[in-house]
Amino acid sequence: MTTTHSPPEAAVPAPRAPGAVHDLGGAAIDLLIGGRELYSVFVRTLYYVVRGKRERGATVRQMFEIGNKSLFFVSITMGFIGMILVYQAGLQTRRVLPDFSQLGPTYLELLVRDLAASLGGLMLATRVGAGIAAEIGSMVVTEQVDALRMCAADPIDFLLVPRFLASMVMTTVLIVWAGVVAFIAAGATAYVAFDVPVQTFCNMSLVDWGDLTTGLAKCVAYGAAIPVVSGYCGLSTFGGSEGVGWATTRAVVNSSLAIIVLNAIISTAGLLVFGAK
Amino acid sequence: MAAPATSRWENVAASTGAAFIKMAETTGGMGVLFGQILSRVFAFPPRFDYPELKRNLHKMAVKSLPIVVVTALFTGAIMVIQAAPLVKRVGAEGLLGWGAGFGTLREVAPLLTALMISGRVGANNTAELGTMVVTEQIDALRALAIDPIAFLIVPRFVGIVVTLFVMTLYADALALFGAAWTGLGLLQVEPRTFYNGLTGGQLFFSDVADGLVKSVVFGLVIALASCHFGLSTKGGAPGVGRSVNATVVASAAGVFVLDYLVSFLLG
């Protein structure tokens, strides 16, 4: 009745097409919900690390899966990154002042404080994060996770905690290894391309406890962030094979973003705590 | 007693050989795919689906903008945070813009943008193509006499390469913006000083161009890897997951190796 008799000017204005504000609000709400669920996954992981009943051997198996199987990939990429960085830095140095004696110490300091952890962490986010999300996502899609719930086993306790523990240990180990590889590759490049003697390059005078602490804090933070973020992406998979692909994509992107943001936070904190020398 | 020892070494040899054959297979597959793509792009008239290209460019480039913006701003900030002790030690505030600019434009912005785009676009593209393969949509295209390379692959390939190039341009600008404001907040270096250091004569257009050349090379690798692994998906939903995993690993390794080669060639 009201629809037929209402004069045109009193008619309810047609709903406008959702505009930019609508999109922005939607994105913000999604971000908030995602953040809350991520937080809940993180807290439950920590709870089960302390209280959970553990399957024997699961953590060791994951350590092999995360650590040993990434070794080749991490060595290759970090070796090349070491070569590139010193090559670029050398070019830059040659342009300003032809003194290569500070090349090694400065590079080593940067490597310990940031580059080994952050670039290695990004590589691991790609390799390990994609692996975890693809595996757990496939389990969700093929209803294995529901089967776990039916057996009264929390998927976080059963699937995520072993990966979390394994990643905490193996990320640190791999990043230390990545730093060693990057430094050796860099030393060789400096020797071949710019004739820097190895004794001059291997100079640890600029590395101090502050750098080491910052670097190790990053290792631990990334090791915790990668499995939690990608496990969350894997567990929230829905919708067949396309869903698994989406979950893997989201895992890679979100763990990489998490690493970049954590890096900015920890680097700032390190700079404020240990100060500039 | 000798038998297990031999068989163990045989196993090592066999797995090493298998790994090499697999690598060669992947490289060869990507090469063949590249040839097929080029033969469609450089045919006269070019044979590819224009609406599909537009759709893919929107999906890949416009939708990746937020993540590129966030990455670039934080990257610029990190560059300055890492340079801070050095700058304070030497007391060379004027050099901050030059140092951050050189590293960002030549190396960090193209590299990190490539990693993010490979994660977001490359992986997503593999997932999409893999799903099409698994659900036999590609076979359906062939049955309708539609060339899947011209219809699906070329638009995605061109889309990824163009996306990465444009996103690197954005990332260059935004990373320098982030670096300038971090310099003000953390080191009390005025953005004007930063800008002067950037344009003061130590940085040339070739530094920017190097980064952009790299971004095109990275785009080629990411596009080839993601299309190749997508098309060679086997075995249902877990297979799609494995393909995506293989894509991101191959893209990252390819990007780093080529980064070195391109730096060396351009340097």
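In chain A, 88% of the contacts between residues at least 6 apart in sequence join residues at least 24 apart. Two residues are in contact if their C-beta atoms, placed from the backbone, lie within 7 Å. This is a predicted model, in which local features need pLDDT of at least 70 and side-chain atom pairs count only at pLDDT 80 or more, while totals for chains, interfaces and linings use all residues. Residues are numbered from 1 along each chain as its sequence is written, and chains are lettered from A and ligands numbered from 1 in the order in which they are written.

Start with the overall form of chain A. Its secondary structure comes to ten helices and zero strands. Helices (H or I, at least four residues) and strands (E, at least two) are DSSP runs, numbered from the N terminus. The C-alpha trace spans about 90 × 60 × 35 Å along its principal axes. The radius of gyration of chain A is 24 Å, whereas a compact globule of 277 residues would have one near 19 Å. That radius is taken over C-alpha atoms, and the globule rule is 2.2 Å times the number of residues to the power 0.38.

Now to burial. Of the 277 residues in chain A, 49% are buried. A residue is buried if 20 or more other C-beta atoms lie within 10 Å of its own, exposed if 12 or fewer, and partly exposed in between, with C-beta atoms placed from the backbone.

Helix H10 of chain A covers residues 240–274. It is mostly covered, with 27 of its 35 residues buried. The end C-alpha atoms are 50 Å apart, which agrees with the 51 Å that 35 residues should span at 1.5 Å a residue. The expected span is 1.5 Å times one less than the number of residues. Just after H10 of chain A, A:Gly275 takes a positive phi of about 70 degrees.

Next, the loops. Most residues other than glycine have a negative phi, and most peptide bonds are trans. A:Asp195 has a positive phi, near 55 degrees, and is not a glycine. It sits in the loop between helix H7 (155–194) and helix H8 (198–201) of chain A. A:Asp195 is exposed, because 8 other C-beta atoms lie within 10 Å.

Chain B has its own case. B:Gln188, not a glycine, has a positive phi of about 55 degrees. Its loop lies between helix H6 (148–187) and helix H7 (191–199) of chain B. B:Gln188 has 9 C-beta neighbours inside 10 Å, so it counts as exposed.

One peptide bond remains. From B:Phe44 to B:Pro45 it is cis, with omega near -5 degrees. B:Pro45 is in the loop between helix H1 (2–41) and helix H2 (50–60) of chain B.
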